[in-house]
Amino acid sequence: MNVTLRIVLRSLFGADLREHMRVIEPALEAIMISSSGFNSIAFFLRIPTPTRKLHFLAVQKLNDIVYGLIASGREKLKSAEAIAPNADGAKDLLTLLLTARDDEGNSMSDQQLRDEVITLLLAGHETTALNLSWTWYLLAQHPEVEQKLHAELDAVLGGRPPAVSDLPRLQYTDRVIRETLRLYPPAWRVFRRTEEPFQVGDYLLPAGSNIVLSQWVTQRDPRWFTQPERFNPDRWCEETAAKLPRFAYFPFGGGPRVCIGAGFAMMEATLLLAAIAQHYRIRLASHQRVEPLASITLRPKKGIRVTLEQRMRTPIASDRTSDAKA
Ligand code: HEM
């Protein structure tokens, strides 16, 4: 969570917000707690629990930081425009939002900017962190998959840190991430309400029906996936993947409200997995039961305790040639 939060903060604000992390991390945790299980019911019924109090305190702390960053973003923009009015340098997301105009030429208010930023912060870090946590959990139990992953990482990276330009060649790494998103989808269901009567197969849904579409259920359905409970990244080879019906797999949702960060999340998770797995094996600590908890997101109920083992890179052909030359 710490790594993915730092990444999303940096993409949003273009700065390393290390000093704010001490406030942001516990604040987000307090909001997650107040929005899960029984706490969420008490919250919506406005029962004055300690969790509710902590929730509003956390929102206040986040607001202070975010409004502060918006103010300094506006300042920076003003001085940058004064120095170079048409400069087109690398922009963080906040700058893009600050300069965005609607069809009538209006910019966003501080409140709108704050809402966008908080949404991206919340939606953009826990999901990716969970995907990686479940990936390590599955890899630790499937040495044959782990071995194939290591072989790819050694061949493509040869020990150097992965870069975006490596992504087209990190195909198996990408499939490992995709397969984990199938078995342990961080967003395990989405909700919709019908505005007008709607026919689905044999069922006529009246207007105002609440519908739950569950990734967890659909993505483990044997009609779409052979041996659905099996962790098998190879099922994502192009030929098999192309045969899947639309929406048999929808870890990022679909339609007009599809995840806005899907591409970002896939890039981030693939690069993080590559960066860590090329140097470490992750082993599950003994005497623990890892159970999924279906809260807003699909979390490991009591976390996943692991040990890290440094790994040696498998020598590849080019290593041997350079050794011989040396
Ligand atoms: C593995 C990582 C992620 C998963 C599994 C995931 C999943 C989803 C899903 C299923 C939805 C649709 C919700 C619905 O239909 O009701 C969604 C929406 C959204 N996601 Fe993600 N997400 C991930 C990463 C991210 C990242 C990295 C960001 C931003 C940086 C992000 C930002 C958003 C936003 C803003 C929405 C709302 C879009 C809208 O309603 O128009 N997500 N995400």
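Q: What makes the second largest pocket a pocket, and how much space lies in it?
A: About 650 Å³ of space lies in the second largest pocket, a volume being the space filled by probe spheres set on grid points joined across faces, edges and corners. It is called a pocket because it is an open set of points on a 1 Å grid over the protein atoms alone, with protein on both sides within 12 Å along at least five of seven lines. This is a predicted model, where local features need pLDDT of at least 70, side-chain atom pairs count only at pLDDT 80 or more, and totals for chains, interfaces and linings use all residues. Residues are numbered from 1 along each chain as its sequence is written, and side-chain values use heavy atoms, without hydrogens and water.

Q: Which residues of its lining lie nearest the centre of the second largest pocket?
A: Of 21 lining residues (an atom within 4 Å of a point), Arg192, Phe198, Val200, Ile211 and Leu213 lie nearest the centre.

Q: How do you know where the ligand sits?
A: The ligand takes the space of the largest pocket, since more than half of its atoms lie within 2 Å of the grid points. About 1600 Å³ of space lies in the largest pocket, and 42 residues line it, including Thr119 and Gly124.

Conventions: 1 Å grid on protein atoms, 1.4 Å probe; cavity = no way out; pocket = protein on both sides within 12 Å on 5 of 7 lines; lining within 4 Å.
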